[in-house]
Amino acid sequence: MQRGSDRLNVHRDDEMKHELQGLLRSGHPTRTEEWHDPEPSADDDLQVAGGPVAPGGGTASLAAVRQALARYLSRSVFPAGPRELAGALRRGYAPDALVEPLERLPRSARYATVQELAEALTRR
């Protein structure tokens, strides 16, 4: 005896899967109301689909690096040196591609804002 909270039997579940199979494979939205669909990414979004931003990778712009850093660093960590900032990024579970270039910065440097840090990372 099955003690689950299923409202339907196994045969009806299989029948419903078969009915929905065409919709799911079509690649079109399956919702009936347009306002339920998620918005596509905008043209001015910075490297949304390209994966994590890697400073010094050649393709990462200053704005993209600054935005990626701002996701993981709060204002309270500044001013700080590269070692403290790398620790804050790691505690925030930032991708390694963002943390490793920061660890290569001179240890004596101090950064007061995310902008200064992004400029230092993209300059190299």
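## Basis of the model

Because the model is predicted, local features are reported at pLDDT of at least 70 and side-chain atom pairs at pLDDT 80 or more, whereas totals for chains, interfaces and linings use all residues. Residues are numbered from 1 along each chain as its sequence is written, and side-chain values use heavy atoms, with hydrogens and water left out.

## Overall architecture

The chain contains five helices and zero strands, and its order along the sequence is α-α-α-α-α. Helices (H or I, at least four residues) and strands (E, at least two) are taken as DSSP runs and numbered from the N terminus.

Of the 124 residues in the chain, 23% are buried. Here buried denotes under 20% relative accessible area, exposed over 50%, and partly exposed the range in between (1.4 Å probe, protein chains only). Among contacts (heavy atoms within 4.5 Å) with a separation of 6 or more, 46% are accounted for by residues 24 or more positions apart.

Helix α2 spans residues 62-72, and its buried residues are A64, V65, A68 and L69. These residues lie on the same side of α2, because they cover an arc of only 130 degrees around the axis; the arc is that of the directions from the helix axis to the C-beta atoms. Their cover includes α3, α4 and α5.

In α4, which comprises residues 96-103, the buried residues are L98, V99, P101 and L102. Viewed down the axis of α4, they fall within an arc of 165 degrees and therefore line one face of the helix. The cover of the buried residues of α4 includes α2, α3 and α5. As a general point, an α-helix has 3.6 residues a turn, so residues three or four places apart point the same way.

## L117 in helix α5

Helix α5 runs over residues 114-123 and holds L117, a buried residue with a relative accessible area of 0%. Leaving aside residues up to four places away in sequence, L117 touches L69, L73, L85, L102, L105 and Y111.

## Salt bridges

The whole structure holds four salt bridges, each defined by a side-chain nitrogen of Lys or Arg within 4 Å of a carboxyl oxygen of Asp or Glu. In one of them, E15 meets R12 with an N to O distance of 2.9 Å. E15 and R12 are three residues apart in helix α1, which means that about one helical turn separates them. E15 is partly exposed at 41% relative accessible area, and R12 is likewise partly exposed at 32%. A network of salt bridges links R12, E15 and E19.

R90 forms a salt bridge with D96, the closest N and O atoms being 3.0 Å apart. R90 has a relative accessible area of 39% and D96 one of 43%, and both residues are partly exposed. The side chains of R90 and E103 also meet in a salt bridge, at 3.2 Å from N to O. This pair links distant parts of the chain, with E103 in helix α4 and R90 in helix α3, 13 residues apart. E103 is partly exposed, with a relative accessible area of 44%.

## Surface patch and loop geometry

L20, L23 and L24 make a nonpolar surface patch of about 300 Å². Patches consist of residues with over 30% relative accessible area and no salt bridge, with like charges joined within 9 Å and nonpolar side chains (Val, Leu, Ile, Met, Phe, Trp, Tyr) within 5 Å. L24 lies in helix α1, residues 10-26, and is exposed at 62% relative accessible area.

Two loops carry particular backbone geometry. F78 and P79 are joined by a cis peptide bond with omega about -10 degrees, and P79 lies in the loop between α2 and α3 (82-91). Y93, in the loop between α3 and α4, has a phi near 60 degrees, a positive value in a residue other than glycine. Y93 is exposed, with 73% relative accessibility.

Terms used. Accessible areas come from the Shrake-Rupley method with a 1.4 Å probe; for residues, only the protein chains shown count as cover.
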